[in-house]
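Trainee: I am new to this structure and would like a close look at one part of it. Please take me through some of its salt bridges.

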Amino acid sequence: MKALQEKIEKEGVILSETVLKVNSFLNHQIDPFLMQEIGKEFAKRFQKDGITKILTLESSGIAPSMMTALELNVPLVFARKKKSLTLNEGVLTAKVYSFTKQEENEITVSGEFLHKDDRVLVIDDFLANGQAALGLIDIVREAGAEFVGLGIVIEKVFQNGGQMLREKGIRIESLAPIRSLENGEVSFAKEEEL
Ligand code: 5GP
């Protein structure tokens with residue numbers, strides 16, 4: 001997606017050869033106009049898939065997912081990273097090792113909001129090693145709902161998550177696939193190469 005890739009080139013901060021900081025428009029401050037464009041793009045790609053619900057992970061997945069949910073006219077559910085006292089009955093859980101925090105979290109969703117007849121689109125801000133995506137997909141399956149596909153705002157293709165998930169037959173729509181962050185430069189991959 002051109003506008004997103006241009007924004008990353010302009011405002012993304014390369015913290016190391018593996019970590020990109022996009023706090024100015026996605027992970028801290030949020031650019032609502034760009035989020036709207038992202039929502040339209042995901043909605044276009046999943047328009048014909050009969051999606052009934054979107055699932056993401058708090059907090060950075062919420063903004064792009066919200067705009068997609070609005071476009072597809074479906075509810076958005078976000079998994080929580082911390083157990084809430086108000087979440088107790090029929091809780092769905094998965095363990096997720098966090099790439100950025102280097103710790104394991106248990107993510108939870110109330111069974112109230114995912115049903116057997118749901119067709120679920122999972123969205124996240126970044127795809128690195130694929131652990132967050134796997135945890136979210138586990139939760140969809142635990143609910144007995146159907147997992148349809150994965151929408152990723154920024155995929156770091158040089159890490160192994162995308163390949164591992166594609167090898168499992170998972171459909172991934174990736175709006176800004178990054179081939180490398182080496183030499184202080186963001187180099188994008190073509191979607192056809194994924
Ligand atoms: P994974 O589970 O695929 O290894 O990592 C995905 C999660 O880690 C995302 O939900 C995202 O929050 C975080 N993440 C992974 N890589 C990056 C990165 O380069 N920059 C930022 N800002 N977050 C990342």
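How many residues apart are K44 and E41 in helix α2, and what does that spacing amount to in helical turns?

Mentor: Keep in mind that this is a predicted model. K44 and E41 both lie in helix α2, which covers residues 32-46, and they are three residues apart, so about one helical turn separates them. The two form a salt bridge, in which the closest N and O atoms are 3.6 Å apart. Their surroundings can be described one by one. K44 is exposed because its relative accessibility, 58%, is over the 50% cut-off. E41 has a relative accessible area of 17%, and therefore counts as buried, the limit being under 20%.

R171 is partly exposed, at 28% relative accessible area, whereas E173 is buried, at 15%.

Another salt bridge joins K53 and D118, with 3.4 Å between the closest N and O atoms. This pair links distant parts of the chain: K53 sits in strand β3 (residues 53-57) and D118 in the loop between β6 and β7, 65 residues away. Both K53 and D118 are buried. In total, the model has 14 salt bridges.

Technical notes. Residues are numbered from 1 along each chain as its sequence is written. This is a predicted model: local features need pLDDT of at least 70, side-chain atom pairs count only at pLDDT 80 or more; totals for chains, interfaces and linings use all residues. Side-chain values use heavy atoms; hydrogens and water are left out. A salt bridge is a side-chain nitrogen of Lys or Arg within 4 Å of a carboxyl oxygen of Asp or Glu. Helices (H or I, at least four residues) and strands (E, at least two) are DSSP runs, numbered from the N terminus. Buried means under 20% relative accessible area, exposed over 50%, partly exposed in between (1.4 Å probe, protein chains only).
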